[in-house]
Amino acid sequence: MDHSTFRDFSKAMADYIAEYLENIRDRRVLPSVQPGYLRPLIPNAAPETAEQWTDVMKDIERVIMPGVTHWHSPRFHAYYPTANSYPAIVADMLSDAIACIGFTWIASPACTELEDVMLDWLGKLLGLPKEFLACSGGKGGGVIQGSASEATLVALLGAKSKIMTEEKEKRSYADDYEIVKKLVAYTSGELALTILMEGYSLSNKPILPFNGPDFWGGVQFRMVPVDDKHRMQGAALKAAIKKDREAGLIPFYVVATLGTTSSCAFDNLAEIGPVCQEEKVWLHVDAAYAGSAFICPEYRYLMEGVEYADSFNFNPHKWLLVTFDCSAMWLKDPSWIVNAFNVDPLYLKHDLQGSVPDYRHWQIPLGRRFRSLKIWFVLRLYGAENLRAHIRKHISLAHEFEQMVLADSRFELAADVIMALVCFRLKGSNEDNELLLKMINGNGRIHLVPSKIGTTYFLRMAVCSRYTESQDIQESWKEVQAMADRLQAEKA
Ligand code: PLP
């Protein structure tokens, strides 16, 4: 494709995207296609000769859109939000055009340096302690990871490299495995489950080895019991650590979650932090979804105790209008991660090594995209005040939905509404709630997903789209009520 054709093609695509997002409200949220719908719509082998871009454009509506779940529809309420904004889309175009791989500073200095500064900008916006910021002149700094799960694993490996060094200084061991098999990490249930599922799909093994010695290269995980609001508290963590120490094990890593996936519960960081400090275990904070809300000072009480954390992570690609993938992670002392991941073959060395971050040592993969561009574009083109308004609007819409749930005596809340997630259910059996959800999603006008805590099954209504307005929330609630009416009529 030559430059002039690219200009035409990209302009046509920009028009298509603007049209798509402008009118997304009119599309059915969930597609009605069946598995295998796509294969018959396109040829069964790649074309031998080049086609016209205009033909490709025509196929978007014919082939792709019928099978798209419209995550940016104002009535998409499933999972958590995934970000979408024009500044981020345009920044990604530029990133794809520069198409550098920023694994060393010299491989594209702007790629490393903008990331370093953007993580400071973001850290300041969230009110993170200065020990996390590169600009403070200490050891700390930030990095963009692909996902919160990756950040959790990266922090785990850093914690592991730290404890291994400390243990070897204390006494002699026959080999590393003698230490590794005693290592124990702690979390409250839900995040562990996420990691478990990934570990499970990676290893394709039954779930059983999760808590056994062959998971995570020997590290064992403990699920710390949570309170009635699904939060990990300091005393429960302390008790779990004590029990393990008495059994001769080595506690070394705690993951506290601020805004759990299931119900957006917040672990009690103000209590967990001092326990981790006393016990000298690495504290990682996973604020994948809720972290974006800390740009609003009134929500920072939820991260009280963050000063005790060794690493902190949230996903701007969830709720801060920076498109996927962009998971921001900060470390007070990145040297443990750098030690764990050091990749230094001759062809990756450069003369300025050590004076600037070489981000390949801060992550699992070697290659990395120029993702900080989209943070830069979004922060500049929205400004902090508009981003705060976006978060506040979503939370206020969730409270509007909460009030409608409370006003209908057939329903109850399943968790406190703290951020822009409402967990609710029909009073009564799990089976009724499962049927209700099936009817709602079957109708396709709105999209919700369920969750379960203990034995209680409930529906989750997350405010996700930047286009969601009060009118949409009211319509979504009407849809839930209509399906509940239908369910009750069918049962009568
Ligand atoms: N941690 C929490 C608290 C989450 O809510 C989620 C996803 O919603 C994750 C981790 C996983 O995020 P990612 O897809 O970035 O790995």
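User: How many cavities of 30 Å³ or more does a search of the whole structure find?
Analyst: This is a predicted model, where local features need pLDDT of at least 70 and side-chain atom pairs count only at pLDDT 80 or more, while totals for chains, interfaces and linings use all residues. Residues are numbered from 1 along each chain as its sequence is written, and side-chain values use heavy atoms, with hydrogens and water left out. A cavity is a set of points on a 1 Å grid over the protein atoms alone where a 1.4 Å probe fits but cannot get out. With a cut-off of 30 Å³ or more, the search of the whole structure gives two.

User: What volume does the largest cavity have, and which domains each give its lining at least three residues?
Analyst: Its volume, the space filled by probe spheres set on the grid points (joined across faces, edges and corners), is about 70 Å³. Lining residues have an atom within 4 Å of a point; the largest cavity has 14 of them, with T82, N84, L321, C464 and R466 nearest its centre. Domain bounds come from an automatic or database domain assignment. At least three lining residues come from each of domain 1 (3–83) and domain 2 (101–369).

User: Which helix gives the largest share of the lining of the second largest cavity?
Analyst: That cavity has a volume of about 60 Å³, and its lining is A159, K162, I163, E166, F252, K280, V281 and W282. Helices (H or I, at least four residues) and strands (E, at least two) are DSSP runs, numbered from the N terminus. Four of the lining residues, the largest share, belong to α5.

User: K280 is in that list. Where does K280 lie?
Analyst: Its phi is near 55°, a positive value in a residue other than glycine. As for its place in the fold, K280 sits in the loop between α9 (269–279) and β5 (282–286).

User: Now the ligand: which helices each supply at least two residues of the shell around it?
Analyst: The shell has 13 residues (a heavy atom within 4 Å of the ligand). The closest are A148, S149, T261, D286 and N315. Two helices each bring at least two shell residues: α5 (148–170) and α10 (316–319).

User: How much of the ligand's exposed area does the protein bury?
Analyst: Start with the polar contacts, pairs of N or O atoms within 3.5 Å: a polar side-chain atom of S149 is 2.5 Å from a ligand oxygen. T261 has a side-chain N or O atom 2.9 Å from a ligand oxygen, and for K318 that distance is 3.4 Å. Taken alone the ligand exposes 400 Å² (Shrake-Rupley method, 1.4 Å probe), and the share buried by the protein is 84%.

User: Which peptide bond is cis?
Analyst: Look at the loop between α10 and β7 (327–331), where D325 is found. Omega is near 0° for the bond from F324 to D325.

How values were computed: Polar contact = N/O pair within 3.5 Å; in protein donor to acceptor, adjacent residues only side chain to side chain. 1 Å grid on protein atoms, 1.4 Å probe; cavity = no way out; pocket = protein on both sides within 12 Å on 5 of 7 lines; lining within 4 Å.
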